[in-house]
Amino acid sequence: MKKCKFLSAAVAGVMAAAMALTGCTNGNGSTEGAKNTMFPGTSEANSLTINIGPEPQSMNSTITTDTVGINALLHVKDGLLMKDSTDKPQPATAEKYEVSEDGLTWTFHLRKDAVWEDGKPVTSHDFKFGWMKVLDPEVASTYSYMLYYIKGAKEYNLKKGSEDDVAIVCPDDKTLIVTLAGPCTFFDSLVSYPTYYPVREDEWGKDYATEANKMHYNGMFTLAKWVHNDRMVFEKNDKYYAADKCKLDKFTGLMLIDSSAAINAFKSGELDMVGLSTGDQVKEMEATYPGVQIDAYADGSSFCLMFNYEDKIFQNINIRKALSKALDRTSYINNIKKDKSVVTYHWTPGWLLADGKKFSEVWNEPLFKDADVEGAKADWEKGCKELGIPANTEIEFLTDDSEQAKVTAEYIQGCMAKAGINVSIRQLPFQQRIESQTKGEYQFSLYAWGPDYNDPQTFLELWETGTGNNKARYSNPAYDEAMQVIRGSADSAERLEAMVKAEQILAEDFAIAPFFNRENAYVVSSKVNNIIRTPFQDWSLREASCN
């Protein structure tokens with residue numbers, strides 16, 4: 001998610017805001033009870049208030065990719081399956097399912113007591129309708145490739161096949177049969193993701209999911225109020241099949257972009273949890289409140305500098321090499337973030353499992369060293385000469401308008417300046433920044449992606465030619481061939497070899513400049529229990545309660 005996922009599943013500009021999603025966790029990612037008695041939290045009983053960051057890109061599950069929208073959807077809708085606190089898919093709208101011996105046919109049986117908030121039954125047709133909208137070329141979902149595992153789905157989405165050939169069958173209202181194009185051992189995880197959520201045909205239209213009353217809900221909560229760019233209020237859904245397991249009456253998500261403002265809101269009792277986006281904020285909290293319990297978790301996000309391949313200057317490999325080499329990753333972690341985030345020279349996080357093996361156990365060594373200023377200078381000058389442009393040519397860095405984004409942008413600008421690379425900064429509000437990246441109206445930018453499922457493919461498929469979230473417009477036939485093997489092979493060794501090859505191609509092309517893997521620090525009020533925080537669920541209140 002995210003998918004971000006990105007969340008998400010998965011966007012860099014939410015950097016400060018995503019860190020403001022909090023909870024005090026134990027080893028498995030859920031809160032363990034009241035610890036910070038100096039912060040009693042908000043006063044309303046059975047209610048929590050958190051900071052969700054900027055306005056979500058969308059609440060439409062067929063197109064949403066940003067972390068804020070994905071996290072909100074996890075609470076108001078249920079998929080066929082739903083991830084538990086350990087990220088294992090469990091029965092949700094589907095009470096059971098079977099998989100054929102060849103792994104290609106998945107049959108889901110929906111529970112009879114699954115209804116929407118208005119009492120209308122949730123049917124297999126709702127799932128098929130939602131999935132087909134993701135694949136509909138007219139909808140132009142950037143996440144359409146998430147359904148390419150289904151037989152006929154890719155062909156239909158790319159206008160090379162018929163809608164009727166997509167292998168999703170509803171023999172009755174409570175049975176959904178899906179035939180896959182090839183083996184996919186993590187399909188149970190995929191159908192737990194918001195892109196696979198149901199959508200009612202009678203609610204679909206141009207205004208769908210634009211307001212709280214413009215969509216229906218089959219999840220544990222409903223979105224009762226949505227004040228754009230201010231807050232979202234979620235209330236317990238009494239029609240939910242497992243409503244008795246919901247311990248909160250409601251929760252509110254404020255949209256505070258500035259991390260300092262969020263911390264002040266937490267201190268004054270307006271928030272029940274807050275993120276600490278830098279090591280300095282952690283130290284300040286510890287100094288001001290001795291004995292405060294501060295926790296952290298790795299959210300699975302991988303950050304990189306992303307280059308726009310539609311811009312001629314970034315079609316030159318020496319230009320891309322220069323920016324990769326000029327970036328001082330270690331200094332950024334030590335002097336700017338000052339937390340437990342980790343420098344990386346790879347795009348795919350090493351903890352992801354490739355058919356049971358950690359990807360870091362098999363990947364190749366990096367091709368360059370950190371902060372190679374002289375090497376960056378030489379590559380930049382060579383690239384400029386090849387392009388026939390002066391060495392003082394200015395390039396533009398696109399970022400968000402938050403304070404943390406500005407600090408990061410200025411740091412990157414400083415790294416480039418040391419190598420003789422002239423960088424200007426353009427700041428845009430969160431949604432406008434995403435739109436600019438999607439339209440290709442930028443030169444280079446910070447980009448982040450979080451995992452949607454536990455397989456390196458969730459990161460590697462991002463850079464396949466034509467993929468909706470490939471905002472770099474990167475394309476390499478050899479990379480695409482490796483992705484075909486990764487997606488289609490039933491041989492674990494063959495898949496793993498192709499994954500290593502794909503990662504290596506990214507490195508040899510200097511396709512992106514890997515930066516760091518993020519870890520979030522946070523603090524929680526004494527009233528909070530059982531907030532789930534994992535790389536696949538940035539925050540979840542489905543098991544939360546109040547003291």
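These legends accompany close-up views of a predicted model.

**View 1. Helix 10 and its buried face.**
Helix 10 covers residues 373–387, 15 residues in total. From first C-alpha to last, helix 10 reaches 21 Å, close to the 21 Å expected at 1.5 Å a residue. Seven names make up the buried set: Gly 375, Ala 376, Asp 379, Trp 380, Gly 383, Cys 384 and Leu 387. Seen down the axis of helix 10, these buried residues fall within an arc of 160°, so they line one face of the helix. They pack against helix 8 (317–326) and strand 16 (394–400).

**View 2. The other side of helix 10, and the residue that follows.**
Glu 374, Glu 381 and Lys 385 are exposed on the other side of helix 10. Compare Asp 379, which belongs to the buried residues of helix 10. After the helix comes Gly 388. The phi of Gly 388 is positive, near 75°.

**View 3. Arg 487 in helix 14.**
Helix 14 spans residues 477–488 and contains Arg 487. Is Arg 487 buried or exposed? Its relative accessibility is 14%, and the cut-off for buried is under 20%, so Arg 487 counts as buried. The side chain of Arg 487 makes a polar contact with the side chain of Glu 464, at 3.0 Å. Beyond its neighbours within four places in sequence, Arg 487 is in contact with Tyr 149, Pro 183, Gln 457, Glu 461 and Glu 464.

The structure holds 21 salt bridges. One of them pairs Glu 284 with Lys 267, with the closest N and O atoms 3.4 Å apart. Glu 284 lies in helix 7 (residues 279–288) and Lys 267 in helix 6 (residues 259–267), so the pair ties together parts that are 17 residues apart in sequence. Both partners are partly exposed: Glu 284 has a relative accessible area of 34%, and Lys 267 has 28%.

Arg 426 and Glu 396 form a salt bridge, with 2.8 Å between the closest N and O atoms. Arg 426 sits in strand 17 (residues 422–428) and Glu 396 in strand 16, so the bridge ties together parts that are 30 residues apart in sequence. Arg 426 is partly exposed, at 24% relative accessible area. Glu 396 also counts as partly exposed, at 25% relative accessibility. Strand 16 is also one of the elements against which the buried residues of helix 10 pack.

The side chains of Arg 200 and Asp 202 meet in a salt bridge, 3.1 Å from N to O. Arg 200 counts as buried, at 3% relative accessibility.

**View 4. Strand 7 and its two partners.**
Strand 7 (residues 175–179) pairs with strand 5 (residues 105–110) in the antiparallel sense, over five bridges. Here Phe 108 has Leu 176 of strand 7 as its bridge partner. Strand 6 (residues 168–172) also runs antiparallel to strand 7, joined by three bridges. Asp 172 has Thr 175 of strand 7 as its bridge partner. A hairpin of two residues joins strand 6 to strand 7. In a regular strand the side chains alternate between the two faces of the sheet.

**View 5. Two asparagines with positive phi.**
Asn 46 lies in the loop between helix 1 (15–18) and strand 1 (47–51). Its phi is near 50°, a positive value in a residue other than glycine. Asn 46 is partly exposed, with a relative accessible area of 33%. Asn 229 lies in the loop between strand 8 (221–227) and strand 9 (231–236). Phi of Asn 229 is near 65°, again positive in a residue other than glycine. Asn 229 is exposed, with a relative accessible area of 59%.

Technical notes
Residues are numbered from 1 along each chain as its sequence is written. This is a predicted model: local features need pLDDT of at least 70, side-chain atom pairs count only at pLDDT 80 or more; totals for chains, interfaces and linings use all residues. Side-chain values use heavy atoms; hydrogens and water are left out. Helices (H or I, at least four residues) and strands (E, at least two) are DSSP runs, numbered from the N terminus. The expected span of a helix is 1.5 Å times one less than its number of residues. Buried means under 20% relative accessible area, exposed over 50%, partly exposed in between (1.4 Å probe, protein chains only). The arc is that of the directions from the helix axis to the C-beta atoms. Contact means heavy atoms within 4.5 Å. A polar contact is a pair of N or O atoms within 3.5 Å; within protein, one must be able to donate a hydrogen and the other to accept it, and residues adjacent in sequence count only if both atoms are side-chain atoms. A salt bridge is a side-chain nitrogen of Lys or Arg within 4 Å of a carboxyl oxygen of Asp or Glu. Two strands pair if DSSP finds at least two bridges between them.
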